[in-house]
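Have the sequence and the 3D view open as you read.

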Amino acid sequence: MLTHDIALVFERYARQTLRSKFQMLFGVLMPLLYLLFFGPLLTGLPLGSAGDSWQVLVPGLLLQLGLFGASFSGFAVIVEKQTGVVERMRVTPVSRLALLLGRVLRDAAVLVLQAVLLVLAALLMGLRAPLGGILIGFAFVAVLAVALASLSYALALRVSKPQEFGPVVNALSMPSMLLSGLMLPMALAPAWLDALSHLMPFRYLVDAVRAGYVGDYTGTAMLYGVLVAAAFAALGVTVGTRVFRRAGA
């Protein structure tokens, strides 16, 4: 049964994560540093969007957490290939979809937990946002994690060494961060850069979470964000499952 297989895989990798609490906390360190050292610089500045500086910065940091945390999750598969874990899994009767979803759901759970810690710290620093918007932000982090972790695992199965994996992920994630307005709204950018950012799917997720943080749940920003996030997750899981089946992983 698919759900049973997913639960087994999820439990296996969740136990691994729980044995490494340092890894869980270290993943949220960079967004926390941005929050502590970059957030106060924005206080009172005209950022060209609804909400105060914390309602602009925190949604971007949440999705930055999902972007980098999930994009590099494929490193684990490279290690498993080198240690023979993938070879042993190839002979198990567990479905390849379950092998993928068990992993990515673990990643989504870890990133949502880290997002909760980040928001709690932001609340202490002055963030004020409706509960509905905060929960919507966690949902977008989870969906983004599922999409990007699936693609990350697919890429990891295609490469043979970590030296090949890291540069590809960096080459894709850095432009995504810069062009999606994670740190500052793209309304502050020149017209040509703002137009170019609309080609970046993450832009719509950032805009949607920022809309949720000011209580706008029914506007076009939220609609586009939900549609893009759902399509991106479907694409990621489809590609990841196809690669897992071909690789017999």
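Let's start at Tyr213: beyond its neighbours within four places in sequence, it is in contact (heavy atoms within 4.5 Å) with Gln55, Val58, Pro59, Leu62, Val119, Leu127, Arg128, Ala129, Pro130, Gly133 and Ile134. The model is predicted, with local features needing pLDDT of at least 70 and side-chain atom pairs pLDDT 80 or more, while totals for chains, interfaces and linings use all residues. Residues are numbered from 1 along each chain as its sequence is written, and side-chain values use heavy atoms, leaving out hydrogens and water.

**The nonpolar core**
- Tyr213, Val58 and Leu63 have the most contacts inside the largest nonpolar core, which has 68 residues.
- Such a core is a set of buried Ala, Val, Leu, Ile, Met, Phe, Trp, Tyr and Cys residues joined through side-chain atoms within 4.5 Å.
- Among the elements giving two or more residues to this core are helix 1 (2-18), helix 5 and helix 13 (220-247).
- Helix 9 supplies the largest share, 14 residues.

**Helix 5**
- Helices here are DSSP runs (H or I, at least four residues), numbered from the N terminus.
- Helix 5 (residues 53-71) is largely enclosed by the rest of the structure, because 17 of its 19 residues are buried (under 20% relative accessible area, 1.4 Å probe, protein chains only).

**Helix 9 with helix 10**
- Ser152, Leu155 and Ala156 in helix 9 meet Phe165, Val168 and Val169 in helix 10.
- By class, this contact has five nonpolar residues, one polar and no charged (Ala, Val, Leu, Ile, Met, Phe, Trp, Tyr, Cys and Pro count as nonpolar; Asp, Glu, Lys and Arg as charged; the others as polar).

How values were computed: Buried means under 20% relative accessible area, exposed over 50%, partly exposed in between (1.4 Å probe, protein chains only).
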